[in-house]
Amino acid sequence: MKSNRYTIVVAAGSGRRMGAVLPKQFLVVAGKPLLMPTLNRLHSFDRSMNLLLVLHPDYFAYWQEQLEAFAFDVPHTVVAGGEERFHSVKCALDTIISEHAVVGIHGGVRPFVDVNTLMRCFEMAENNGSAVPVVAVNDSVREVQGEVNRAIERSNLRIVQTPQCFHLAVLRKAFTQPYSPSFTDDASVVDAAGYSIQLVEGNRENIKVTTPEDLRWAEWTLSA
């Protein structure tokens, strides 16, 4: 029986902040391109999960070469991405036929999401329509506006992670909106469409590998 769970793995970006020749999702970490442990983690959580990998079309052939070179056999479907993350997610949503699907949207460079976070996300979304993993802010924070800055109560703040999970019907309606630069993640798109967002506990290790420092930490953790 085909699963109604989908995860869109977004990996169509250029990775400019990493300062590398290849986009960060293709950088080899602990012996494999970073995308592979991400896909492995999702597949290990639910082997019937439908995985949709969104790539820039220029990297389709390169990814196929990597699959063969590393004998990587986690089942997934490659989808062409768009100009912004918003458009890439929309392209992947258009390929989903099951109207009763629950869809997670996950960053391709987040290989450290744990099984408990994935379970909380999908179960909350299945029961309540949405689920976004978050972790508390431990450091003191200040808001800066020009030359003025002020302290903000950190207990009211949360760091947002992925996968962000929703009923497909919610996403279909939300992604009919015109693109806005304020759409920094999928929850902001759904929020702008008038839906409430349910928060669940994430795991602090579930970082987005963005900088060379992150890459070194990922190398150490995956090697260990």
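Modeller: Below we take the features one by one, starting with where the numbers come from. This is a predicted model, in which local features need pLDDT of at least 70 and side-chain atom pairs count only at pLDDT 80 or more, while totals for chains, interfaces and linings use all residues. Residues are numbered from 1 along each chain as its sequence is written, and side-chain values use heavy atoms, with hydrogens and water left out.

Biologist: Which residues of helix α2 are buried?

Modeller: First the general idea: an α-helix has 3.6 residues a turn, so residues three or four places apart point the same way. Helices here are DSSP runs (H or I, at least four residues), strands are runs of E of at least two, and both are numbered from the N terminus. Buried means under 20% relative accessible area, exposed over 50%, and partly exposed in between, with a 1.4 Å probe and protein chains only. In α2, residues 60-69, the buried ones are Trp63, Gln66 and Leu67. They fall within an arc of 100° seen down the helix axis, so they line one face; the arc is taken from the directions from the axis to the C-beta atoms. Ala61, Glu68 and Ala69 are exposed on the other side.

Biologist: What do the buried residues of α2 pack against?

Modeller: Contact means heavy atoms within 4.5 Å. The partners are β3 (32-33), α1 (35-45), β4 (50-55) and β5 (77-80).

Biologist: At what angle do α1 and α2 pack?

Modeller: Axes are lines fitted to C-alpha atoms, for helices over the stretch in contact, and angles run from 0 to 180 degrees between N-to-C directions. Here the angle is about 70°, with the axes 12 Å apart. That makes α1 roughly perpendicular to α2, a label for 65 to 115 degrees; under 35 is roughly parallel, over 145 roughly antiparallel and the rest oblique. Leu35, Met36 and Leu39 of α1 meet Trp63, Gln66 and Leu67 of α2.

Biologist: Where does Ala71 sit, and what is its phi?

Modeller: Ala71 lies in the loop between α2 and β5. Its phi is positive, near 50°, in a residue other than glycine, and at 63% relative accessibility Ala71 is exposed. Ala30 also is not a glycine and has a positive phi, of about 55°. At 33% relative accessibility, Ala30 is partly exposed.

Biologist: Which residues does the cis peptide bond join?

Modeller: Thr162 and Pro163, with omega about 15°. Pro163 is in the loop between β10 (158-160) and β11 (164-167).
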